[in-house]
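Please look through the model with these notes beside you. Each point takes up one topic.

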Amino acid sequence: MNLIVYMMLNALACIQSAPNKTCNRIKIHDRWYDREVLWANLGRPFNLYAHKTTNIIFFSYTVPETYSDVDFQLAFIDLNTKEFQNIAGIRGGCSVAIDHSNDEIYLGGSDGIYKYNIMTKLADFYREAGKNIWALFFRRNLFYISYPDQRLHIEVDGKFALVKEFEGFEVDHFHVTGDNENIYFANKTGFYKYDNDKQRVIVINDVITVRQISEDNDGDLYVCTNLGVFIDLKHEGFKKVLDFKNIYSLTFDKDNNVIVSDEKRIVKLMQTLTGCPDSANSQW
């Protein structure tokens with residue numbers, strides 16, 4: 001596990017409040033971290049995904065019903081230029097998947113799957129017209145979860161079909177690790193591992209509600225839940241590294257900096273050599 005990433009995550013849980021002055025840095029052991037608010041107060045951001053080549057963060061956020069009849073809006077933040085922009089043309093946009101090998105970006109909404117052109121900043125229709133796309137995932141193949149039946153589909157030779165091994169399960173989140181050794185999924189009843197060799201499901205935790213499954217740049221697996229953030233310690237199983245209940249999404253930029261979202265903000269944590277004065281404390 002990346003020690004710096006581990007310490008950054010724990011920084012969120014070790015913040016102390018002060019009645020007067022506050023400091024925008026967090027001290028963990030002998031190290032300080034800057035917090036940069038990237039986006040705030042337009043709705044609840046979730047499904048953060050970093051496009052490593054450009055250092056652009058794609059995400060979705062909730063849209064108040066008073067604004068339109070659409071619940072979700074896709075958008076991006078360029079970490080280099082700080083540009084923020086909504087992505088037009090995808091009704092109810094709420095899902096993102098990135099094929100880093102071929103530099104292709106897939107976006108999903110309530111009427112199908114789209115491909116996003118990073119140069120033109122336009123989304124063109126791809127496949128599954130009229131299908132309500134709950135979630136997308138890419139690992140060698142493109143997967144999507146349909147709504148409201150929560151069924152997992154895989155693209156093979158340009159066509160989508162139900163994943164036979166998962167026909168008996170509702171799926172809210174799906175993830176295959178980068179080494180293709182482990183298959184994880186989650187639904188309203190808990191978090192599970194699918195044993196592909198024995199073709200059986202292993203219960204990891206039947207109490208938590210999973211919000212996102214993410215990998216850092218070193219291949220370590222993180223799970224955002226309603227009870228905090230867990231990390232896969234391989235042979236030791238999943239361990240909670242952040243006891244902070246209002247983290248809704250987590251990703252890592254091209255430099256492996258932690259990007260997290262809470263109810264209203266997207267925040268970046270960066271190591272710094274400058275600390276807070278003695279008269280100020282950090283506050284989340």
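Buried means under 20% relative accessible area, exposed means over 50%, and partly exposed is in between (1.4 Å probe, protein chains only).

1. What this is. This is a predicted model, where local features need pLDDT of at least 70, side-chain atom pairs count only at pLDDT 80 or more, and totals for chains, interfaces and linings use all residues. Residues are numbered from 1 along each chain as its sequence is written, and side-chain values use heavy atoms, with hydrogens and water left out.

2. Overall make-up. Helices (H or I, at least four residues) and strands (E, at least two) are DSSP runs, numbered from the N terminus. Of the 284 residues, 50% are buried. Contact means heavy atoms within 4.5 Å. Take the contacts between residues at least 6 apart in sequence: 42% of them join residues at least 24 apart.

3. Aromatic pairs. A pair of aromatic rings is described by the distance of the centres and the angle of the planes. Rings of Phe, Tyr and Trp (its six-membered ring) pair if their centres lie within 6.5 Å; planes under 30 degrees apart count as stacked, over 60 as edge-to-face and the rest as tilted. The whole structure holds 27 aromatic pairs. One of them is tilted: F137 and F143, at 6.2 Å centre to centre and 45° between the planes. F137 and F143 are both buried.

4. A ring cluster. Ring pairs also link F137, F143, F166, F169, F174, F185, Y192 and Y194 into a cluster.

5. Charges over a ring. A charge sits over a ring if NZ of Lys or CZ of Arg is within 6 Å of the ring centre and within 35 degrees of the ring normal. Look at Y248. The charged end of R44 sits over its ring, 4.2 Å from the centre. R211 also lies over the face of Y248, at 3.9 Å from the ring centre.

6. The largest nonpolar core. A nonpolar core is a set of buried Ala, Val, Leu, Ile, Met, Phe, Trp, Tyr and Cys residues joined through side-chain atoms within 4.5 Å. The largest one has 15 residues, and F143, L152, F166, V171 and F174 touch the most other members. Two or more residues of this core come from each of β12 (133-139), β13, β14 (152-156), β16 (173-176), β17 (183-187) and β18 (190-195). Beyond four places in sequence, L152 touches F143, Y144, I145, A161, L162, V163, F166, V171 and F174.

7. V163. Find V163 in the loop between β15 and β16. V163 is buried, with a relative accessible area of 12%. Leaving aside neighbours within four places in sequence, V163 is in contact with F143, L152, H153 and I154. V163 and H153 are 10 residues apart in sequence, and 5.3 Å apart in space from C-alpha to C-alpha.

8. The largest pocket. On a 1 Å grid over the protein atoms alone, a pocket is an open set of points where a 1.4 Å probe fits, with protein on both sides within 12 Å along at least five of seven lines; lining residues have an atom within 4 Å of a point. Grid points are joined across faces, edges and corners, and a volume is the space filled by probe spheres set on the points. The largest pocket has about 850 Å³ of space. It is lined by 39 residues, and the closest to its centre are F46, N47, C94, W134 and H173. Which strand gives the largest share of the lining? That is β12, with five residues.

9. Backbone points to check. Most residues other than glycine have a negative phi, and most peptide bonds are trans. N47, in strand β4, has a positive phi near 55°. N47 counts as buried, at 13% relative accessibility. Q199 has a positive phi near 50°. Is Q199 buried or exposed? Q199 is exposed, with a relative accessible area of 57%. The peptide bond from Y147 to P148 is cis, with omega near 10°.
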